[in-house]
Amino acid sequence: MALPVAFFAVFFAYPVAAIVARGLEVDGVWQLGRIGDVLAQSDVRHVLWFTTWQALASTGLTLLVALPGAYVFARFDFPGKQVLRAVVTVPFVLPTVVVGTAFLALVGRGGLLDELWGMRLDTTVWAILLAHVFFNYAVVVRTVGGLWSQLDPRQEEAARMLGASRLRAWRQVTLPALAPAVAAAALMVFLFTFTSFGVVQILGGPTFSTLEVEIYRQTSQVFDLSTAAVLTLIQFAAVVAVLAVHAWTVRRRESALRLVDAATTARRPRGAGQWALLAGVLGVIAVLLVLPLAVLVQRSLGASGFGYYRALTREDGGAFLVPPIEAIGNSLQYAVAATAIAVVIGALAATALTRRDAGRFVRGFDALLMLPLGVSAVTVGFGFLIALDEPPLDLRASWILVPLAQALVGVPFVVRTMLPVLRAVDGRLREAAAVLGASPWRVWREVDLPMVRRALLVAAGFAFAVSLGEFGATVFIARPDNPTLPVAVARLLGRPGDMNYGQAMALSTILMLVCAVALVVLERLRTDRSGEF
Amino acid sequence: MVGTLAACGSSSDDGGDGSGSGGSKTVTLVSHDSWAASKDVIAAFEKNSGYKVKVLEDGDAGQAVNKAILTKDNPQGDVFFGVDNTLLSRALDNGLFQPYEAKGSDLVLPEYRADRDKHRVTPVDTGDICVNYDKAYFAEHGLTPPKTLDDLVKPEYKDLLVTENAGSSSPGLGFLLGTAAKYGDAGWEGYWKKLKSNGVKVVDSWEQAYNEEFSGSAGGKKAKGDRPLVVSYASSPPVEVVYADPQPATAPTGVADGTCFRQVEYAGLLSNAKNPEGGKALLDFLLSESFQEDMPLNMFVYPVREGAQVPEVFSKFGPQAKDPQTLDPVKIADNRDQWVKSWTSLVLK
């Protein structure tokens, strides 16, 4: 427990506190009055209002679109299901700089909607909502679908045998069992959309602004640190509230449900209705998720003979000190280091959280570990800059800073994946081993490890994919001689010229493929009792 | 080679180099992410001066300046390059730099000099923010491209221009400042009202305006951009030529000469630089002929040193504006925030 707490304190709490203090503390006196001043501005209240309602709307829409998907993935068997489950997760781990551009090709001018119906959604709130569905579809499918696939269908059948209608059986048997998972997924989607940055910036145009966008603008452009600090605190409070509710629903969800092996509950669709449902879900996935990704690939192939890909190896590119292709190696190295850190920290935290004597404080820590997902990257990035600048923590010039920042985002996923599995390990086994004289380390190695090995691998894989795609914090600290893939893409997009644009698309495609491969491998490792992601 | 050298320099003594002792042989340059230089030019400097150059790129221009100010007590490097005239006063007021008069300062063209008595900053390059136009579009429609700011509000150019949010994008801000310089405190808001009713579109970033909305750029063509006028740089046309494969004989885009606002970028010795001697050598180098002549095709900017030669592809496709708008940095400092605020409520709401 000590290590995760220290990690969290040093690399998250301390930098964030330092930058907030820089904004709100003048000559040692806290300017808490600023909070009232900032809240009194109508612009800020407008931002707050927009942030909240678009997050609510996005969450509702995502549930509406993705719940049928969760059902199909849970209950139906069809060829290519594993690959498809990986594919729908790709958007979630890709940086928005990469896909925002592609998404624009779908809903923007000359896009599919435009060509079919003459409808353009760019710079409307619909583009933002649809993109949020695109990015968060996987959260619902994985969280709700994961549980759904393990609910014993015979319970519902039994209810029907006893005379309940199909609807009633579903409402009284399946729905209550699913509700906590749906709530947990909804809260996660709410968290991600409430703190949305890239999507809103790219698709919303300058007229729509979320808290996160405003924090970025105030810190990075206007340099009004005190307003930024207040906005950070507001977002912080909102995120803590969401996480508290989330932790509560998760605990309810872990209450005893009779779960069965997911492999036994899925079967081939039967009857016209089920086939239509499957076709409908596949259609939605094709249009909403696969098509934007396909646009990226298509644009990367614009030059003849893979010209953009070949250009990636050239050293005279201009935008970089190194051939862009080296970004792949950098990204992989950073991601491996970040994964190692995230797995160690996350596994230790998850183990501590499952201990029977874990008190209120420890359980609260569960929610705290999720906080980095809800705090703006610019806050963390600037915090790193001013907090980690003195020995023994002078890390600003060190390569380790990038994996550390990425691990912050990876840890929550590791914890969420490991916790349910660890909690399922029968405590009596551990006690028995201890009684027989095994050391705590040996108990862990011989009792827990064999059971959680797969979960650990899944967690590692997910942390790896998330690290690969992490953009927000990385862009603040990545060094020019070692750009990561998302940073390189952003840099190439920042320059005019056909070759730069094409190379950005080619690198994006490569990033997408690497993430997809990591996720497909994950699918093969799926645990019988799946975690929350 | 910069990359490799910088990587070697940093892997051997990570966590401390550039901020090491005064006698350090590494000099660290902090810049924004548009920094670029030829390796042989850097290598020659390293050979002559005995310093190894390490470069730290810190996001876009505004962000890099803000980060440098935040870390000024314990800076990440010795020299900061890339504060332009729109942000100069923020850097100076915050005490970011210490005085040093670089060798060759006397050769800087007079119009680019700033902070003349204190020498806290050294001008390094200059560039123009200008409306670019899509040549093909105007040829196809038998329409003359606009030349001046006044032209942009004429009915024949309705719904053709895309610009950037002045609150979040540096070309967007430059364009706003250009209009403020041209029409004055009393007139610029009226000009923007006309621009707005003439259908100007505002997006958040240069990337979006140029790569998505503008019909003349490589990216914009693929994205089916439908705005043939965009606020970008005078140097964008040569970039379209240099980064095309094969290179076309003429640039697909042109510059409306009478719409330009001139930016000057400065470098300075950071106040608490760990290696001030190395920093001074680096500043001298930034003004040297070899570096000044190397800049155009790397950063797509013009030299400030008298007599520095500009490559032909650059001067041919991206000539400097003849009579650009300029504004005194002090005037910018006093008005920037208020202008951006008024502009935001006028144009975005």
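Me: What does Val304(B) touch, once residues up to four places away in sequence are not counted?

Reply: In this predicted model, Val304(B) touches Leu107(B), Val108(B), Leu109(B), Tyr112(B), Pro123(B), Val124(B), Asp125(B), Thr126(B), Leu287(B) and Gln292(B), leaving out residues up to four places away. Val304(B) itself sits in the loop between β11 (302–303) and α13 (312–317) of chain B.

Me: Why is Val304(B) called buried?

Reply: Its relative accessibility is 0%, and buried means under 20%, so Val304(B) counts as buried.

Me: What makes the phi of Asp115(B) worth a look?

Reply: Phi is near 50 degrees there, a positive value in a residue other than glycine. Asp115(B) lies in the loop between β4 (97–98) and β5 (122–134) of chain B. His119(B), in the loop between β4 and β5 as well, has a positive phi of about 55 degrees and is not a glycine either.

Me: Why is Asp115(B) put down as buried, and why is His119(B) put down as partly exposed?

Reply: The cut-off for buried is under 20% relative accessible area, and exposed starts over 50%. Asp115(B) has 18%, so it counts as buried. His119(B) has 24%, so it counts as partly exposed.

Me: What about Ser197(B): why is it called exposed?

Reply: Exposed means over 50%; Ser197(B) has a relative accessible area of 52%, so it is exposed. You'll find Ser197(B) in helix α6 (residues 170–197) of chain B. Ser197(B) and Val153(B) are 44 residues apart in sequence and 8.4 Å apart in space, C-alpha to C-alpha.

Me: What else goes into the picture of chain B as a whole?

Reply: Chain B has 14 helices and 11 strands. Buried residues make up 62% of its 349 residues. Among contacts in chain B with a separation of 6 or more, 74% are between residues 24 or more positions apart. The accessible surface of chain B comes to about 12600 Å², and 50% of that belongs to carbon and sulfur atoms.

Me: Which residues touch the most other members of the largest nonpolar core?

Reply: Met418(A) and Trp35(B) do, in a core of 235 residues. Helix α7 (residues 125–148) of chain A gives the largest share of this core, 16 residues. A second, separate core has 33 residues, including Phe138(B), Leu149(B), Leu229(B) and Trp343(B). As for Met418(A), leaving aside neighbours within four places in sequence, Met418(A) is in contact with Ala347(A), Ala350(A), Val452(A), Ala455(A), Leu456(A) and Ala459(A).

Me: Why is Leu116(A) called exposed?

Reply: Leu116(A), which lies in helix α6 of chain A, has a relative accessible area of 53%. Exposed means over 50%, so Leu116(A) is exposed.

How values were computed
Residues numbered from 1 in each chain as written. Chains lettered and ligands numbered in written order. Predicted model: local features only at pLDDT ≥ 70, side-chain atom pairs only at ≥ 80, totals over all residues. Heavy atoms only, no water. Helix = DSSP H or I, 4+ residues; strand = E, 2+ residues; numbered from the N terminus. Buried < 20%, exposed > 50% of the residue type's maximum accessible area, 1.4 Å probe, protein only. Core = buried A, V, L, I, M, F, W, Y, C linked by side-chain atoms within 4.5 Å. Contact = heavy atoms within 4.5 Å. Areas by Shrake-Rupley, 256 points an atom, 1.4 Å probe, with all protein chains shown as cover.
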